[in-house]
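Here is a short briefing to read alongside the model. It starts with confidence and then turns to charged pairs and the surface.

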Amino acid sequence: MEEKKTIPPQAGGAGAVIIFFILLFVFAKWGPPINFATTTQGVGEPFMVSGEGKVSVTPDIAKVTLGIQDSGSSLKSVQNSVNTKSKALTDALKKLGISEQDIKTTSYNVYPQYDFTQPSQKITGYQVSTNYEVAVKDFDKINDVIVNSTAAGANMVGNVNFDLNDSTKTAKMNEARSMAVADAKTKADGLAKAAGITLGKIINVSENQAQNIRPIAFAADKSAVGLGGAPAPAVQPDIQPGQTEIDVTVSLSYQVR
């Protein structure tokens, strides 16, 4: 008579567990993603909710980055050249109605140049550069600032960044902040009603701010020539400020009654 073999219950249970985890691994690796959205509220913890406020506004200040760079064998002569061109640059800006307080020197650098082919690394010359940030409040003058500055000796022209003056920025930030708080309170009331809880007073407020400013990059080009080898007429760059977006996110924490 043939003897029948039986599998212990423990072995069968272990096999089922192993098969379950194998199937779970296969599904997690190659199966469709599962999205979960959960909100947890611990006992005694404050009820937290966030709201967002966005305001779009046209910038009212353009900040133009300009610079002068020169090099030569004598540091004194290079500095004199840069200083002369800097004076011509600032004079050209003032003639356009740019006030002196809106012309800010952001850096002044002196770099020795070395001959690395020699063991002693002898200094062969110097490079001097100075950079300015020019605040332009009349946008009709942005193109003239760029073109006239290049003609006056600026050979490093960087970005145009648009910004808001302090009073406008404060007003629009407060507007976005009010919208964010109202949005957070509306969400809190809706969630509390749906969950069947009663909210108490607000015990904490926090916010995050963001300002989306679009910089415009360009470079000065003096290489173009016109008829007879004369410099070609400068092409006016078309620069538009667009819209700046102020985004405020506010988080409110409530007591739960």
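The chain has a mean pLDDT of 81, and 72% of its residues reach 70 or more; pLDDT is the predictor's confidence in each residue, from 0 to 100. This is a predicted model, in which local features need pLDDT of at least 70 and side-chain atom pairs count only at pLDDT 80 or more, while totals for chains, interfaces and linings use all residues. Residues are numbered from 1 along each chain as its sequence is written, and side-chain values use heavy atoms, with hydrogens and water left out.

**Confidence along the chain**

- Helices (H or I, at least four residues) and strands (E, at least two) are DSSP runs, numbered from the N terminus.
- The pLDDT is below 50 over residues 34-39, a stretch with one contact in the model beyond near neighbours in sequence; a contact means heavy atoms within 4.5 Å.
- Residues 218-231 also have pLDDT below 50, and this stretch has 18 contacts beyond near neighbours in sequence.

**Salt bridges**

- The structure holds 11 salt bridges, each a side-chain nitrogen of Lys or Arg within 4 Å of a carboxyl oxygen of Asp or Glu.
- Lysine 169 and aspartate 163 pair through their side chains at 3.4 Å, N to O. Aspartate 163 is buried, at 14% relative accessibility, whereas lysine 169 is partly exposed at 24%. Here buried means under 20% relative accessible area, exposed over 50%, and partly exposed in between (1.4 Å probe, protein chains only).
- Both residues belong to a network of salt bridges that links Lys63, Asp163 and Lys169.
- In helix H4 (residues 166-195), lysine 187 and aspartate 183 are four residues apart, so about one helical turn separates them. Their side chains form a salt bridge at 3.6 Å, N to O; lysine 187 is partly exposed at 40%, and so is aspartate 183 at 25%.
- Glutamate 52 and lysine 54 form a salt bridge at 3.9 Å, N to O. Glutamate 52 is partly exposed at 39%, as is lysine 54 at 42%.

**A nonpolar surface patch**

- Tyr114, Phe116 and Ile123 make a nonpolar surface patch of about 310 Å². Patches are made of residues with over 30% relative accessible area and no salt bridge, with like charges joined within 9 Å and nonpolar side chains (Val, Leu, Ile, Met, Phe, Trp, Tyr) within 5 Å. Accessible areas come from the Shrake-Rupley method with a 1.4 Å probe; for residues, only the protein chains shown count as cover.
- Phenylalanine 116 lies in the loop between strand E3 (103-115) and strand E4 (122-136), and its relative accessible area of 60% makes it exposed.
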